[in-house]
Amino acid sequence: MLHPVVTTLYPALAFPFLLLATWIAAGLMVAATIRLGVMDHPGHRSSHTRPTPKGGGIGIVAAFVLAVPVGRMLHGLPPLDPQTATLLAATVLLGAISWLDDLYQWSPLLKLGAQVAASVLVAVTLPVAPALSAMLPAALAAPAWFGLAVLTLVFTTNAVNFMDGLNGLVSGSVMLACLVIGTLAPDTAVGVMALLLAAALAGFLPFNFPSARIFMGDVGSQPCGLLVGTFALACADHPHAGTSAWYVVPILAAGLIYDVLYTLVRRWRNGARLMEGHREHLYQRATQGGLPPVAVALIHWAFVLWGGMAAYAALHGIVALVAALLAVLLPQLAWSAFVERRTRPPTRIT
């Protein structure tokens, strides 16, 4: 029989060791993926100028999926429940299809179909958020929540994927966001998964930032986007201090979400085809305007850390929530104004 002190300390010590093991395992698998030699050759939409290996997301996804059942057990939860098993299956499915897309460059419609399929798998297992149940009759609440969940998951999957075009920007931003989610999440299972995803991303980051030995690829960015969306919906489902915590993930991911929405609106106003590939995201235009890529990535990391402080402050009531939302919106407005000013063509004097 274990000594009582050991019994008491074991749960507290074992999970940090699991985070360390997840970090190491992800790093080893990323290093192994480099040796596969699947190269991303630069094109007209690329930020890099030389062929670079891709597929580092394999290590992220594999380390995360293997660690989740262990992490749940260390917190007194069953290794898998139907909701968690479905989420992991959807993550693996989307990762596998995305890896094939990394290899064979499938059409956008096939990629969207895979995203929708994975999102539906996750959405069917999610209970209706209490706030929505209180607003709508039972017959409408379930389909409304299902539709909202699928749209949210498809959006976050694409948002993270679209923003993964600069070394360390997405991997570092999502890693920091998951660290905050792990601290603020009102549900233990969500917190465990968020911290494990952060550990897996930490194993990948040294291979991608500040210079890239390997890219994450769609095999990493799309599953990460799916998981971020799931964390957002889970926070909305589990109230914090009696109210829904729906705002936690949007505040943390404000930099990514704002860039995607701003770019879509800007391209729509300019008459561009929204489904066409481009290099017009704010972060891309910032580097085109002369900002170092490392600086742009660090600015986005700062957005997440600022959002973490705002999310923590928002827990203290509706007034604090409104103030927090303004606090994360104003830096985004300032950033877009700065980029627009920096990339504006010089005025010709006639």
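Mentor: Let's start with handedness: a crossing is left-handed if the near helix is turned anticlockwise from the far one by less than a right angle, and right-handed if clockwise. Helices here are DSSP runs (H or I, at least four residues), numbered from the N terminus. This is a predicted model, where local features need pLDDT of at least 70, side-chain atom pairs count only at pLDDT 80 or more, and totals for chains, interfaces and linings use all residues. Residues are numbered from 1 along each chain as its sequence is written, and side-chain values use heavy atoms, with hydrogens and water left out.

Trainee: Which hand does the crossing of α8 and α9 have?

Mentor: Left-handed.

Trainee: And what else describes a packed pair?

Mentor: Two packed helices are described by the angle between their axes and the distance between the axes. Axes are lines fitted to C-alpha atoms, for helices over the stretch in contact, and angles run from 0 to 180 degrees between N-to-C directions. For α8 (residues 188-204) and α9, the angle is about 155° and the axes are 11 Å apart. That makes α8 roughly antiparallel to α9; the classes are under 35 degrees for roughly parallel, over 145 for roughly antiparallel, 65 to 115 for roughly perpendicular, and oblique for the rest.

Trainee: Which residues of α8 and α9 make the contact?

Mentor: Contact means heavy atoms within 4.5 Å. On α8 you'll find Val 190, Met 193, Ala 194, Leu 197 and Leu 201, and on α9 Cys 224, Leu 227, Phe 231 and Ala 234.

Trainee: How does α6 pack against α9?

Mentor: α6 (residues 138-163) meets α9 (residues 218-237) at about 140°, with axes 7 Å apart. The two are therefore oblique to each other, and α6 passes α9 in a right-handed crossing.

Trainee: Where is Gln 105 found, and is Gln 105 buried or exposed?

Mentor: Gln 105 belongs to the loop between α3 (82-104) and α4 (108-123). Its relative accessible area is 57%, so Gln 105 is exposed (buried is under 20%, exposed over 50%, partly exposed in between, with a 1.4 Å probe and protein chains only).
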